[in-house]
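Here is a friendly walk through one protein model, taken a few places at a time. Keep the structure open beside you and find each residue as you read.

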Amino acid sequence: MFGTFVLRELIGHIITTLQREAPGTWFIKFQGENGMSQDQLAIHGGAPAKQRPDPPMYPGGMAIDHEEEAAVLEVLRNKHLYRYTGPYKTASKVEQLEKTFAENKGVRYAQAVNAGTSALICGLAALGVGPGDEVIVPAFTWIASAAAILSVGAVPIVAEVDESLLMDPNDIEQKITPYTKAIMPVHMRGAPCRMDEILAVARKHNLKVIEDTAQANGASYKGKYCGTWGDVGCFSLQFNKIITAGEGGMVVTNEEEYWKRACMFHDPIGALNRGFATEELRYGINFRMTEIQAAIALVQLSKLENLVRDMRERQRMLKSGMADLAKQKGITFRASNDPDGDAGICTIFFVESPEVAKNVTKALNAENIGAAMLYERDNIDYHVYAHWVPIIEQRAWAAGGDPWKWAKRDINYSHDMCPRSLELLGRAVHLDCSPLLSNEDVEETLEGLDKVLNAVA
Ligand SMILES: Cc1ncc(COP(=O)(O)O)c(C=O)c1O
């Protein structure tokens, strides 16, 4: 009995002294009185630090309850599914949503549309962006930002992101040409861009600013909502976004002219219904939002503030909980342009290299922590410009309808045109901050981070 105990202690002691030899290589670490494998990485067969996987990262989607159900039922019972007409005299939910959204953001106008991409397209049309124009987008954004620019006949020009993983205002000036018409900052992963600096560059060069706020509904910069700094702001209500209607979008602006143009472009009927002057009329497409979408979005909008509050709280807990370890390991967090304004949807940190990021991510996943990498050269993901192959290779939809042919100069793209962005994104590790993470989840996530980063980073 005593002999077995001594032997177990001895083995435990020997193994405890084994440490990581090189980045990406690690050994099993034993601790405890009787050699129990408390610190063994789950990827090596140890018990996961976290008892259960992260809750699904659909902040608004997971908050859907009887309120959204009742709102949808009301629309169905009223048989009022189309914003302009129905059999009875019931009020339009889309109209109500536009009013409430504008009030929520503190802007004069909001135009509801059927998707975030449509919001960008209408926003660009509102600003008069078209063939021959160039629009600057960041290297890290969903391909829709660039595709929307192409859809109005203009070409996207890609600018570097900085340590905040957002458009670097210093790089914008390098990308401006006599043909630049607008700048499209994107508040990626809930974080606010440096809008004052971006606006200063825009005003200096007489450029328009269209904010892509698809991923940052509820975020703010210096006390003012993201999406309300530029000439127009565009939001998405697609299911992955902070609040959702499954699909949906919104264009906001303080300029009557831009609102009228966005309104007309989104829908030819609306232009007539609103009684715009005949000489103002322009043709429109159909990007209308349905009444069911609006009914859901109205309820979701009422939940936005609490969702953002809860995500911010969890983001703070995770960041402060891992701050010492990060310091010790030389790990830095994504820079924040306004920590109080960040919507809190994630925590992103940079490790030493893409190899370490990959090993950390894999080991965290095994611990039941939903970590993800933001850029891998061989793993196609349309959130990074380097993977926008159809754009980089300038593949047009029709021989004569090619925005790159309409450009006023030769446009050349390459996989490596924003090396700093790829370098940063390649060694970034992303953790979701669901509002449904319990205190226990956060504690266990911190234990998992401790275990993994000590072994792998
Ligand atoms: C940054 C960004 N811009 C635009 C969009 C487009 O939004 P939607 O999917 O609603 O068209 C998305 C959505 O994925 C996005 O993440």
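In the side chain of K241, a polar atom lies 2.7 Å from an oxygen atom of the ligand. T117 also has a polar side-chain atom 2.5 Å from an oxygen atom of the ligand. On its own the ligand exposes 380 Å², and the protein buries 91% of that. Such areas come from the Shrake-Rupley method with a 1.4 Å probe, and for residues only the protein chains shown count as cover.

How many residues surround the ligand? There are 16, and the closest are G116, T117, D212, S236 and K241. A residue is counted here if one of its heavy atoms lies within 4 Å of the molecule.

## About the model

This is a predicted model, in which local features need pLDDT of at least 70 and side-chain atom pairs count only at pLDDT 80 or more, while totals for chains, interfaces and linings use all residues. Residues are numbered from 1 along each chain as its sequence is written, and side-chain values use heavy atoms, leaving out hydrogens and water.

## The loop between α2 and α3

Now go to the loop between α2 (66-78) and α3 (93-105), where L81 lies. Helices (H or I, at least four residues) and strands (E, at least two) are DSSP runs, numbered from the N terminus. L81 counts as partly exposed because its relative accessibility is 41%. The cut-offs are under 20% relative accessible area for buried, over 50% for exposed, and partly exposed in between (1.4 Å probe, protein chains only). Together with L73 and L76, L81 forms a nonpolar patch on the surface, with about 240 Å² of accessible area in total. Patches are made of residues with over 30% relative accessible area and no salt bridge; like charges are joined within 9 Å, and nonpolar side chains (Val, Leu, Ile, Met, Phe, Trp, Tyr) within 5 Å.

S92 is found in the loop between α2 and α3 too. Is S92 buried or exposed? Its relative accessibility is 9%, so S92 counts as buried. The S92 side chain makes a polar contact with the side chain of E291 at 2.8 Å, and reaches the backbone nitrogen of E95 at 3.1 Å. A polar contact is a pair of N or O atoms within 3.5 Å; within protein, one must be able to donate a hydrogen and the other to accept it, and residues adjacent in sequence count only if both atoms are side-chain atoms.

## Salt bridges

The whole structure holds 28 salt bridges. Each is a side-chain nitrogen of Lys or Arg within 4 Å of a carboxyl oxygen of Asp or Glu. One of them joins the side chains of D54 and K50 (2.4 Å, N to O). D54 counts as partly exposed because its relative accessibility is 22%, whereas K50, at 0%, counts as buried.

Another salt bridge joins the side chains of D441 and R52 (2.6 Å, N to O). This pair links distant parts of the chain: D441 is in helix α16 (residues 439-456) and R52 in the loop between α1 (2-16) and α2, 389 residues apart. D441 counts as buried because its relative accessibility is 3%, while R52 is partly exposed at 42%.
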